[in-house]
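Please keep the sequence and the model in view while reading.

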Amino acid sequence: MWRSGSWWLTLALLLGAGLSPVITGSATLREDMFLILMLITLASSLNILLGYTGYVNFGHIVFFGLGGYIGFYLMHRHGWSLWPATVAAGLATAALAFALGMIILRLRGAYFALATIGINEAVRAFVANFEPFGGATGMSLNFAVYQAYGGAARALWLAYGALLALALITVGISFAVKHSKFGLGLMAIREDEDAALVLGVRGPQVKTLAYALSALFPGMVGVLFFFKNGNIEPGDAFRLHLSIETLVMVMLGGQGTVWGPILGAALYERLRGYLLTSPLFKNLHLAFAGALLLMIILFVPAGFIGWLRARFPVVRRVVV
Amino acid sequence: MGRWMKISGILVALAVLAACAPPTPPAPTATPMAPAQPQPSPTAAASPAPAVKTIVLGFTASQTGKLTKESKEQVQGLQLWLEDLKRAGGIRLPDGTTIQVELKFYDDESTKERVQQLYVKLITEDKADFLISPYSSGLADAAAVIAEQYGKLMITTGAASDSTYEKGYQHIFQIYTPSSRYLTGAIDFLKKMDPNAKRIAIVYENEKFSTDVVKAAKPYAESQGFEVVLFEGYETGTTDFGPFINKIVAANPDAIIGGGHFQDGSTLAKQLFEKKVPVKMIALLVAPAVPEFAQLGDAAVGVIGPSQWEPGAKYSPDTARAAGLPWYGPTVEEFVKAYKDKYGYEPGYHAAGGYAAGLVLQKAIEDAGSIETAKVKAALEKMDIMTFYGRIKFDTEKAHGKQIGHEMVYLQWQKDASGNLVRPIVWPEAAQAAKPLYPLSR
């Protein structure tokens, strides 16, 4: 990985884009980049399961919401600092995914996809009625909390920096998985699970590990997002809509590639952001975005990166 | 052939994407003109032309998503305020400066991440001087964090949750009566109308605002000698209340209170009517106060709703004088007429709240004689006025910015002599415009 030119290129591009708000000091740019990096992290982590292993997960956002809740709970009720809370939340969601994976990854195809939707709804209903997490009202941080990080403005920059680091790590892990024996096992499962088992891939274990790995990062992002938000409620934490949007991003960019989720997330978010604030489209943006997505899915089913790699074999060495 | 179609499809998609990709912000529609004003002539210094300043008032509106109906009313109210202000020639400060106001808003899709992103944009890029909150407690709460972080004043309207004001914010000021006082009047009403009614069922949307309301209403009902026989939340977006209605019937209550927002509240009212649930009173949040509730027809009759304000509200310069408060802004009749002329129907309280938010800010700028945040903030803290919308006074202590002057009214959908649906105020008694329909005949 460290000798791969492609990895350094990815790192340089992401770091360059991620540092641009820091260099210009622009808060608007930072907010835009915050959303993009958050979506890149969500999409890249989803890609480990969706792209490499070929398991459609509609409940990816459950780890984002639950991670946010666990981190928020530790900060709000136990006065933890943001950093240990973030790590603890990530580990907790990964552990949960590991336990869940042992059970539901015995399902394949549409049955697994349905089970993931069920998990999202079940966790949301549980949290909405779980008093330590504030029930339906959720929890909110007192504004004074931000003083511990040197004031609200600085806290936002810190959260952004942490997110940037997290996004880089996620993409790095995604890259490493793709080029490892573990990743080969996942892709063998994607192509033909039965054949993979015959060839000696330890199916259930490998799949469960992939699921746990893909749950680690959303859990941590959730804490950063809701820390910045200042409050957390079940409706915002477990939005099935966001799960589906993340799926679209991965499909748009190209599933099973490292760059696909990055490009898909950035394009999708920029497009939505533009349509939302453009005087011309702001009343029609959902219809417009929908029509555009339909066209892309119809004509370029492999996603943008997939199409690029199929059409121009030369770029395969660089664009992974 | 298929190949060409594919390629041209891709090209079109890419071209559209390329056209959209650069994140250029839309050009501001008006630029601040104060420094750029050309001086007519150097000798005119003896009679300086009155300076004109333009301030930007930023907010987001939920044009898509689940809150579109209520948000639209609120924005229309705000736009009407701006029109009235323009007609009056802007806000005049004591030093002769005239302040013109420009509204700047985007669609927040009824989601929090958009709200935060767009409020940062409004503050840093569009240079908004003052902010108005989005509709709903949840979104306003998300916007409040940003406003406070950047030290911008925000008037919240359409946001009633108490909790936002208990987080130590210093720049957020609430127009609505807080949610802890939303349904307490309905309980008083029931007690007055029927001393034999003892059993109340509370059925509510399981989300922030409605939960805040019923959590305050339940102990209040119990303190008034009622028995809460059912206390149960339903999911946001519920469309089939069948199971809940069965539970309600089984609990055999005298009255049902609760609800949530427009969609679920009107569905619940409709299904309660269709199943002929035998209760004497129904009081629901939000939905009955939205004019479209009339589309339910017979199912709307008898339903009571708490309202921040109603066209029949009895606030006037006379009541202000009696209370020893200064009066400000249009009278109730003037506001209702202007709104009806512009939009073709009577305003509900969401619209009035939008108008009042603008009006309160206007008054604060006038009192402060400045558009500086610190001075306007001081003016808001001192404010104690009566308007067409009712009394406005803010808490300045522990729950800074919370509304403590304004009172709720309760309306009831009834049929007038010609069979049209109307919604007169039935509570408090002092403001009663029609005889309450009690008990419901179902």
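## Backbone exceptions and contacts

N252(B) is exposed, because 12 other C-beta atoms lie within 10 Å. The phi of N252(B) is positive, about 50°, although N252(B) is not a glycine. N252(B) sits in the loop between α7 (242-251) and β9 (255-259) of chain B. Helices (H or I, at least four residues) and strands (E, at least two) are DSSP runs, numbered from the N terminus.

This is a predicted model: local features need pLDDT of at least 70, side-chain atom pairs count only at pLDDT 80 or more, and totals for chains, interfaces and linings use all residues. Residues are numbered from 1 along each chain as its sequence is written, while chains are lettered from A and ligands numbered from 1 in the order in which they are written.

V286(B) also has a positive phi, about 55°, and is not a glycine. Its place is the loop between β10 (281-284) and β11 of chain B. Is V286(B) buried or exposed? V286(B) counts as buried, because it has 30 C-beta neighbours inside 10 Å.

Strand β11 (residues 304-307) of chain B is covered on both faces. I304(B) and P306(B) are buried on one side, G305(B) and S307(B) on the other. β11(B) pairs with strand β14 (residues 409-412) of chain B in the antiparallel sense, over four bridges. Two strands pair if DSSP finds at least two bridges between them. Opposite G305(B) stands L411(B) of β14(B).

Helix α5 (residues 184-193) of chain B has buried residues G185(B), A186(B), I187(B), F189(B) and L190(B). What do the buried residues of α5(B) pack against? Their partners are α6 (208-223), β9, β10, β11, β14 and β17 of chain B.

### Domains of chain B

Chain B is divided into domain 1 (52-177 + 309-407) and domain 2 (181-307 + 409-431). The bounds come from an automatic or database domain assignment. The C-alpha centres of the two domains of chain B lie 28 Å apart. In chain B, 19 residues of domain 1 are in contact with 17 residues of domain 2. Contact requires C-beta atoms, placed from the backbone, within 7 Å. On the domain 1 side, α2 (68-87) and α4 (137-149) of chain B are the elements that give two or more residues. By class, that side has five nonpolar, seven polar and seven charged residues. Ala, Val, Leu, Ile, Met, Phe, Trp, Tyr, Cys and Pro count as nonpolar, Asp, Glu, Lys and Arg as charged, and the others, Gly among them, as polar.

### Chain A against chain B

Here 41 residues of chain A are in contact with 40 residues of chain B. Elements giving two or more residues to the chain A side are α2 (27-52), α6 (152-178), α10 (234-237), α12 (259-277) and α13 (285-299) of chain A. α12(A) gives the most, with eight residues. The chain A side has 21 nonpolar, 14 polar and six charged residues.

Conventions. A residue is buried if 20 or more other C-beta atoms lie within 10 Å of its own, exposed if 12 or fewer, and partly exposed in between; C-beta atoms are placed from the backbone. Two residues are in contact if their C-beta atoms, placed from the backbone, lie within 7 Å.
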